[in-house]
Amino acid sequence: MPNLPNFDIVALAASAGGLTALIEVLADLPADFRAAIVVVQHLDPRHPSLMAEILSRRTLLKVVQAKAGDELTPGTVYIAPPNNHLLVNSDGTASLSQSEMVHFLRPSADLLFESVAASYKERAIAVVLTGTGSDGAMGVEAIKKMGGTVIVQDDKSAEFPGMPSSAIKTGNVDFILPLTEISLALITLVMSHASLP
């Protein structure tokens, strides 16, 4: 019997400076990565997003703009479309919502993280990358409360440290890592049963 993976989903949140940070994290993940990846990147809602195309050129993983009803598949990256909240359901599907903005944001990392926490509990990893503001901090608390794992980019390597430092201030962070080490941490957590020290 194969061992089931410890983690089934990785939720990444980024804002200002996020595209570069996301490329750095996703570029090093293997094609057979054993978790689905959901991404909230704050984007200008007035323009169509080219993020999926840009990222898919830089990673071995499949990258798509999330659609309602998508079944979250390991090795695939689902990006929240501009002006939509991305949520995950307990049956492993994605849903989109145009419900009101949270902290003036849609998509909101907090809403994504909270839905991931409720649906995946201890099988979830949340990652907070560079960005201004505090989006993600409430969501990090939800992930931790449900037994999930939280990784935050350190202030020094974050182009904009607002989101990472807000997450760190909650006291609910397991790993604070420079950007260059985040993908290795994800591979270690998702691809092996070795626990990090």
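Reader: Leaving aside neighbours within four places in sequence, which residues is I151 in contact with?

Author: In this predicted model, I151 is in contact with I125, A126, V127 and V128, and also with F175, L177, I182, A185, L186 and L189.

Reader: What is the size, in residues, of the largest nonpolar core, and which members have the most contacts inside it?

Author: The largest nonpolar core has 33 residues. I151 is among those with the most contacts inside it, together with V10, L12, I37, L129 and L186.

Reader: Which elements give two or more residues to this core?

Author: Among the strands, these are strand 1, strand 2 (36-41), strand 4 (76-79), strand 7 and strand 9 (175-177). The helices are helix 1 (18-27), helix 2 (51-56) and helix 6 (179-191).

Reader: And which element gives the most?

Author: Helix 6 does, with six residues.

Reader: What does the second core include?

Author: The second core is separate and has 30 residues, including V40, A109, Y120 and A142.

Reader: Turning to helix 3 and helix 4, at what angle do their axes cross?

Author: The axes of helix 3 (residues 109-120) and helix 4 cross at roughly 10° and come within 7 Å. Angles under 35 degrees count as roughly parallel, so helix 3 is roughly parallel to helix 4.

Reader: Which residues make that contact?

Author: Helix 3 contributes D110, F113, E114, V116 and A117. From helix 4 come A137, M138, G139, V140, A142 and I143.

Reader: How many of them are nonpolar, polar or charged?

Author: By class, the contact of helix 3 with helix 4 has eight nonpolar residues, one polar residue and two charged residues.

Reader: On to helix 5: what do its buried residues pack against?

Author: They pack against strand 1 (9-14), strand 7 (124-128), helix 4 (137-145) and strand 8 (149-153). The buried residues of helix 5 (residues 162-169) are M163, P164, S165, S166 and A167.

Reader: A last topic, V64: where is it found, and why does it count as partly exposed?

Author: V64 is found in strand 3 (residues 62-65). Its relative accessibility is 21%, and buried means under 20%, so V64 counts as partly exposed.

Reader: Which residues does V64 touch, not counting those up to four places away in sequence?

Author: V64 touches A52, T76, V77, Y78 and I79. With Y78, the C-alpha to C-alpha distance is 5.2 Å, although V64 and Y78 are 14 residues apart in sequence.

Notes. Residues are numbered from 1 along each chain as its sequence is written. This is a predicted model: local features need pLDDT of at least 70, side-chain atom pairs count only at pLDDT 80 or more; totals for chains, interfaces and linings use all residues. Side-chain values use heavy atoms; hydrogens and water are left out. Helices (H or I, at least four residues) and strands (E, at least two) are DSSP runs, numbered from the N terminus. Buried means under 20% relative accessible area, exposed over 50%, partly exposed in between (1.4 Å probe, protein chains only). Contact means heavy atoms within 4.5 Å. A nonpolar core is a set of buried Ala, Val, Leu, Ile, Met, Phe, Trp, Tyr and Cys residues joined through side-chain atoms within 4.5 Å. Axes are lines fitted to C-alpha atoms, for helices over the stretch in contact, and angles run from 0 to 180 degrees between N-to-C directions. Angles under 35 degrees count as roughly parallel, over 145 as roughly antiparallel, 65 to 115 as roughly perpendicular and the rest as oblique. Ala, Val, Leu, Ile, Met, Phe, Trp, Tyr, Cys and Pro count as nonpolar, Asp, Glu, Lys and Arg as charged, and the others, Gly among them, as polar.
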